[in-house]
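Here is a short briefing on one structure. It covers strand pairing, hairpins and the nonpolar core.

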Amino acid sequence: MRRYLVMVLLACAYPAHALESLRVGSQLLVVGDSAARVKALLGKPSSHSKSSSSQKSSSKNSGNRKNKSAKSTAKDKGEKWQYRRDGHTTIITMVDGKVAHIEDLPR
């Protein structure tokens, strides 16, 4: 019984998994690559938006901000470039001109 429960939980968690890399043809796009590399591999994004929570906090809250993980910070701020490719929606989060997060979702 536990085995089935673990398998179901793993199956549910799979689509929410953050990718560290994305294969585009024979090339590999990884977190840390430049915006120019993203455009070279994927072209112009079909949708482009800036995150609304990229506002700077006051110095009083800066101590709390340092405790956040890099992944949650990357998802919360920056620009989101959205691509539609091969039945998937790929969202690339760019922070300071570099890839901070890659998310590949089935449509």
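Thr90 stands opposite Asp104 in strand E6. The model is predicted.

**Strand pairing**
- E5 and E6 pair in the antiparallel sense, over eight bridges.
- E4 and E5 are likewise antiparallel, paired over seven bridges.
- E5 is mostly covered, with seven of its eight residues buried.

**Hairpins**
- The hairpin of E4 and E5 has two residues between the strands. Asp86 takes a positive phi near 50° there.
- Two residues also lie between the strands in the hairpin of E5 and E6. In that hairpin, Asp96 has a positive phi near 55°.

**Nonpolar core**
- The largest nonpolar core has 13 residues. Leu29, Val38, Leu42, Trp81, Ile92, Met94 and Val99 touch the most other members.
- Two or more residues come from each of strand E1 (21-24), helix H2 (35-42), strand E4 (79-85), strand E5 (88-95) and strand E6 (98-106).
- H2 gives the most to this core, with four residues.
- In soluble globular proteins, nonpolar side chains tend to be buried together.

**Contacts of Met94**
- Which residues does Met94 contact, leaving aside its neighbours within four places in sequence? They are Ser34, Ala35, Val38, Gly78, Glu79, Trp81 and Val99.
- Among these, Val38, Trp81 and Val99 are also listed with Met94 as core members that touch the most others.

Key. Residues numbered from 1 in each chain as written. Predicted model: local features only at pLDDT ≥ 70, side-chain atom pairs only at ≥ 80, totals over all residues. Heavy atoms only, no water. Core = buried A, V, L, I, M, F, W, Y, C linked by side-chain atoms within 4.5 Å. Buried < 20%, exposed > 50% of the residue type's maximum accessible area, 1.4 Å probe, protein only. Contact = heavy atoms within 4.5 Å. Pairing = 2+ DSSP bridges.
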